[in-house]
Amino acid sequence: MLKSRTFLKKTRAGGVMKIVREHYLRDDIGCGAPGCAACGGAHEGPALEPQPQDPASSLCPRPHYLLPDTNVLLHQIDVLEDPAIRNVIVLQTVLQEVRNRSAPVYKRIRDVTNNREKHFYTFTNEHHRETYVEQEQGENANDRNDRAIRVAAKWYNEHLKNISAENQLQVIFITNDRKNKEKAVEEGIPAFTCEEYVKSLTANPELIDRLACLSDERNEIESGKVIFSEHLPLSKLQQGIKSGTYLQGTFRASRENYLEATVWIHGDTEENKEIIIQGLKHLNRAVHEDIVAVELFPKSQWVAPSSVVLHDEGLNEDDVEKEEEREQMLKTAVSEKMLKPTGRVVGIIKRNWRPYCGMLSKSGIKESRRHLFTPADKRIPRIRIETRQASTLEGRRIIVAIDGWPRNSRYPNGHFVKNLGDVGEKETETEVLLLEHDVPHQPFSQAVLSFLPKMPWSITEKDMKNREDLRHLCVCSVDPPGCTDIDDALHCRELENGNLEVGVHIADVSHFIRPGNALDQESARRGTTVYLCEKRIDMVPELLSSNLCSLRSNVDRLAFSCIWEMNRNAEILKTRFTKSVINSKALTLSSPEVRFHMDSETHDPIDLQTKELRETNSMVEEFMLLANISVAKRIHEEFSEHALLRKHPAPPPSNYEILVKAAKSKNLEIKTDTAKSLADSLDRAESPAFPYLNTLLRILTTRCMMQAVYFCSGMDNDFHHYGLASPIYTHFTSPIRRYADIIVHRLLAVAIGADCTYPELTDKHKLADICKNLNFRHKMAQYAQRASVAFHTQLFFKSKGIVSEEAYILFVRKNAIVVLIPKYGLEGTVFFEEKDKPKPGLTYDDEIPSLKVEDTVFHIFDKVKVKIMLDSSNLQHQKIRMSLVEPQ
Amino acid sequence: MAGLELLSDQGYRVDGRRAGELRKIQARMGVFAQADGSAYIEQGNTKALAVVYGPHEIRGSRARALPDRALVNCQYSSATFSTGERKRRPHGDRKSCEMGLQLRQTFEAAILTQLHPRSQIDIYVQVLQADGGTYAACVNAATLAVLDAGIPMRDFVCACSAGFVDGTALADLSHVEEAAGGPQLALALLPAAGQIALLEMDARLHEDHLEQVLEAAAQAARDVHTLLDRVVRQHVCEASILLGD
């Protein structure tokens, strides 16, 4: 087996250390082409096709494999991911370079390689006896790698000749480096640039749009004039940051003004935390979220943040003079106090570019292929892309990636990635909001699905280990109609001693999702199931969420049970936990109104509309809360350092100010010293003349609350859950739709000895990382939900036209009022200032929240009448607009 | 800069080996004439020299003599130049004491000590170059040296290390793989009976994976045995030719 020679590879690290490593060369590495007699098919996993049926290329009509170099892989990954491109050989040299240079691209290329349809093959050339090359004297690492790639390409071409002369299989070397290409052609390797090759694919013209346009650095200076100053190299930046001449921070573009941005400086420095950057040249091609280095100006050049709203709407792309005029506009005379630290971007430490959603602004010239793309996010600059399908893409939502921003270009260059569909279409808009909220929603990969149980599935002897048979109990679940992911079921029976036994049975998801495998990793990444108005993005594959884990009626299902013995006064005498098998009977509620899962703790305001809560619902909810609390106690007892818990911090008293003031204006008193007194005083706050007041007060109270978060018990001291007034709390009852519950299930299973532990489970830092991700995903899921509701409300009002409805004032602002329309549960802002109209006289009173507009006074909770309509003046950002009907 | 990838998707390790493959082993017996037994081994870039004296009378305090068996005395040392960064290692530091103790335990289990009561067997091992798996190299070298000295043993003692990366057990770790900080298991095996002379593990490894790693180490130790056996047979052949048989 070991027919290898030993090589010594000497590298110098840090100048003094001499590292000697062994490097074995092998002769058993397959070339990846099936049916190759020389290699004997000595490779498993994805392989190349024996007869590549590639898209017809006018440059290379013979069947061929592609062999890209590192830069092609790094920059043209969008092209390579296209289903039309198949049979690609990825060299180990290339893969390692990609790994060192860009983690996201490395991940993408790995995903592509694992996809069998794509026929990508990774060739371990560095360990192959015939393709290994040693670094020569005077040759740098890059040149050596280029040479290694060429040697491998050459070897492949000769090797494939041996298999079948009649087949005439070829390996085409793809490189964008001119010199490298010339050398390859000299050595007799068929080589093309990526652009040449893609353009030769006559059957797939759409691929050209996905090409990243990279301008050759050398040509750049010659053409056009330079707008921006050069970015300093990383080594200089790091030197400058160390010595204090430059500051490192995150670049945050302004939503209102495209010529202004702030840089949040990293570290704990008290002063100069926020640095203002003003003007195109000083922004120096930084894009929102980039990590940049800035140079601070002397105080004499400091400016104040401008309050001007400026949107980049110029049609003429390279009109730089005009920009300068506009920049002058920003510099208004202000008092010295308003001046803030100001600086300019000198270099980029790390780009944080991602693919952006948005729309095409078609160029005025009919035949033009260059167009500007306007991202949905206003903080992202417009991007210049090249496309031939401008007319088809017009009015569509598309995704574009940035390739680079040369010094002589007003806008960054990018390329088209994907067409999402028509603006306003439900599917398109859903896709957009999922992308913009970073909700992972791709179909589950083959690797993930491979860890699902094989169907038909039944409970085996092995499954019954450490498991109690509770099939004889009458267990039922309570669900709205059409619900397919049933997490929980209940039972209750009278015991011989007169006490009651109550059990909560939760789907045993952790039985199917084993720690550490691809399925587990994917669910951990997704963190939660996201419920949109008409769509559900599952956290676990459907087979589990809607079938094997779902506690459906009249079938045997695995469950994790929490069973209490209670007396008739509902005092808990005993609590025990066990894994079990149950057979549930379903109970369907006739209430059709469950559009969203309600957050049982903070009562998300979206759900406050005319929803009717049945007693059964609240009964189920009460028992779920009880189960969560019981489990939280148990896992904290067992794992005091690494229990996953959930807390809801008490809000600071100042948060309640607005609520107290508002209540006072209606002669009611709200006590906020404890959660209990708050709840009691809210219950008492009724006004017979104004029945809706109580609901309004409760909505206001919700707004005062803090966010509930997951945390690891070893990393925090404060466990209190304010909303539920419980000293300890966790999530146990919805493992199908929340990953936190899966971790809690595992902890509890270990605590009762029903399952084994694994190292990551008892590592508090890993657990804290999981909590961080879960909190982020939950927040994003919530935002996505709200955005989805907002979009559906828009659809609703689009069909309705203009309507007038009664509304209540929820908040009073300095120049507007926020109103709530009980009929639709819709909230909106009514502005009193309008464009092109004289400003009305506004007087704002903070003590009794009220606003005086000309002669009318608006108080909080006043009843008004508003007109609701859809504002489609901006296609990308349609919104509901409200205006006052009564009082005038 | 991403960290080192210890095992690629294609199943190759940093130096080009597959998960269960050993490094290249070269060994020689009888390298010194004045010692009773001696051997030199190279396992990849790890190189070790072992010298055996005995069995002979107890040196020093007579009180150390054991009435029923021989005393096995092991001393480990590492050359100043054995690692990339040259460091003086005083005789008797913690690491070499520990290693000496481990070697002693290993060979007390393998040598038929009851054949030589009240006597002493000295095993001196020196590592000339360290590139991971020093314990294993020392044991393997010492085995050959003990055989060379003609001291009766139950069986060869073959040692090998194993690690665990991404759900796969790696045999015979190199220095780079050891330095990555994963769990590492050292196993000394008596291959014929499958008995374990010594098993050591640092860092935490989940119970569920232990069997897999142990099996990888055991298989590697059996592979080492095949190689050492070949070395011994060849040495005996050469010796008998010299004797003129």
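Modeller: Let's begin with a definition: helices (H or I, at least four residues) and strands (E, at least two) are DSSP runs, numbered from the N terminus. With those names, A:Asp463 lies in the loop between helix H15 (446–449) and strand S18 (468–469) of chain A. This is a predicted model, where local features need pLDDT of at least 70, side-chain atom pairs count only at pLDDT 80 or more, and totals for chains, interfaces and linings use all residues. Residues are numbered from 1 along each chain as its sequence is written, chains are lettered from A and ligands numbered from 1 in the order in which they are written, and side-chain values use heavy atoms, with hydrogens and water left out.

Biologist: What makes A:Trp405 count as buried?

Modeller: Buried means under 20% relative accessible area, exposed over 50%, and partly exposed in between (1.4 Å probe, protein chains only). A:Trp405 has a relative accessible area of 11%, so this residue is called buried.

Biologist: Where is A:Trp405 found, and which residues is it in contact with?

Modeller: A:Trp405 is in the loop between strand S16 (396–404) and strand S17 (413–422) of chain A. Contact means heavy atoms within 4.5 Å. Leaving aside neighbours within four places in sequence, the contacts of A:Trp405 include A:Phe228, A:Arg285, A:Trp353 and A:Tyr411. A:Phe228 is 177 residues away from A:Trp405 in sequence, with 9.9 Å from C-alpha to C-alpha.

Biologist: Why does A:Asp463 have no salt bridge?

Modeller: A salt bridge is a side-chain nitrogen of Lys or Arg within 4 Å of a carboxyl oxygen of Asp or Glu. Lys and Arg count as positive and Asp and Glu as negative, while His and the chain ends are not counted. For the buried A:Asp463, the nearest side chain of opposite charge, A:Arg467, is 6.3 Å away, so no salt bridge is assigned. Not counting residues up to four places away in sequence, A:Asp463 touches A:Trp457, A:Ser458 and A:His511.

Biologist: How do you know which parts of chain A to read with care?

Modeller: We use pLDDT, the predictor's confidence in each residue, from 0 to 100. Chain A averages a pLDDT of 80, and 85% of the residues score at least 70. Over residues 216–222 of chain A the pLDDT is below 50, and beyond near neighbours in sequence this stretch has six contacts in the model. Residues 590–611 of chain A also stay under 50. Where pLDDT is low, the predicted coordinates should not be read in detail.

Biologist: How many helices and strands does chain B have?

Modeller: Chain B has four helices and nine strands, and 50% of its 245 residues count as buried.
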